[in-house]
Amino acid sequence: MAETIDLSGDGGVLKTVVRKAKDDAIAPSESLPLVDVHYEGTLAETGEVFDTTHEDNSIFSFEVGQGAVIKAWDIALRTMKVGEVAKITCKSEYAYGAAGSPPEIPPNATLIFEVELVACRPRKGSSVGSVSDEKARLEELKKQRELAAATKEEEKKKREEAKAAAAARVQAKLDAKKGKGKGKGK
């Protein structure tokens, strides 16, 4: 049985790894704050599914740490790596609290989510790392294009030299024939 980790320190957010990510998998970070997830949410009390991305195979995307999702998700997703699947149990104070989220989620409900972290991405154009990576990639493409152009130019030069050498050989043969013809006629 997998170990359950208390992520909040008060039992409010519990995480159990269902499937481990590869050791070299990436995790959400300052430079990769956008996450894509598959999930299924159930009510702990009844086991009833109240929301899922599995039915239509959709992806849910959000930025970690911005309060765009329930508090438990902001806490739990920071601890996950791409490819990992975890069961996250959220007490109501880390989910929808006393208000709930009618009609699906009653007040003070404990929720259980099975979440798969599918991808981590940078914000569009805002990550210093991604900007420098993009500059490096464009610089590499520029070098490759310049190298290809230089190779093409070199091949063109060789073809022209070969043509000139062939033309010189033909001219030399013609000159040699002309010389023989003149000598015979005298």
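1. A quick term to start: a residue is called buried under 20% relative accessible area, exposed over 50%, and partly exposed in between. Arginine 121, at 32%, is therefore partly exposed. Keep in mind that this is a predicted model.

2. Arginine 121 has a partner: a salt bridge to aspartate 36, with the closest N and O atoms 2.8 Å apart. Arginine 121 sits in strand S7 and aspartate 36 in strand S3 (residues 34–43), so the two are 85 residues apart in the chain. Aspartate 36 is buried, at 11%.

3. That's one of four salt bridges in the whole structure. Another pairs glutamate 84 with lysine 15 (2.9 Å, N to O).

4. Glutamate 63 is in strand S5 and arginine 123 in the loop between S7 and helix H2 (128–185), so parts 60 residues apart in sequence get tied together. Glutamate 63 is buried, with 18%, while arginine 123 is partly exposed, with 29%.

5. Back in strand S2 (residues 13–19), have a look at threonine 16. Its side chain makes a polar contact of 2.8 Å with that of threonine 4, and threonine 16 is buried at 11%.

6. On the surface, a patch of negative charge includes Glu48, Asp51 and Asp56. Aspartate 56 belongs to the loop between strands S4 (49–52) and S5 (60–63), and is exposed at 57%.

Technical notes: Residues numbered from 1 in each chain as written. Predicted model: local features only at pLDDT ≥ 70, side-chain atom pairs only at ≥ 80, totals over all residues. Heavy atoms only, no water. Patch = residues over 30% accessible without salt bridge, like charges linked within 9 Å, V, L, I, M, F, W, Y side chains within 5 Å. Areas by Shrake-Rupley, 256 points an atom, 1.4 Å probe, with all protein chains shown as cover. Salt bridge = Lys/Arg side-chain N within 4 Å of Asp/Glu carboxyl O. Lys, Arg positive; Asp, Glu negative; His and termini not counted. Charge placed at Lys NZ, Arg CZ, Asp CG, Glu CD. Helix = DSSP H or I, 4+ residues; strand = E, 2+ residues; numbered from the N terminus. Buried < 20%, exposed > 50% of the residue type's maximum accessible area, 1.4 Å probe, protein only. Polar contact = N/O pair within 3.5 Å; in protein donor to acceptor, adjacent residues only side chain to side chain.
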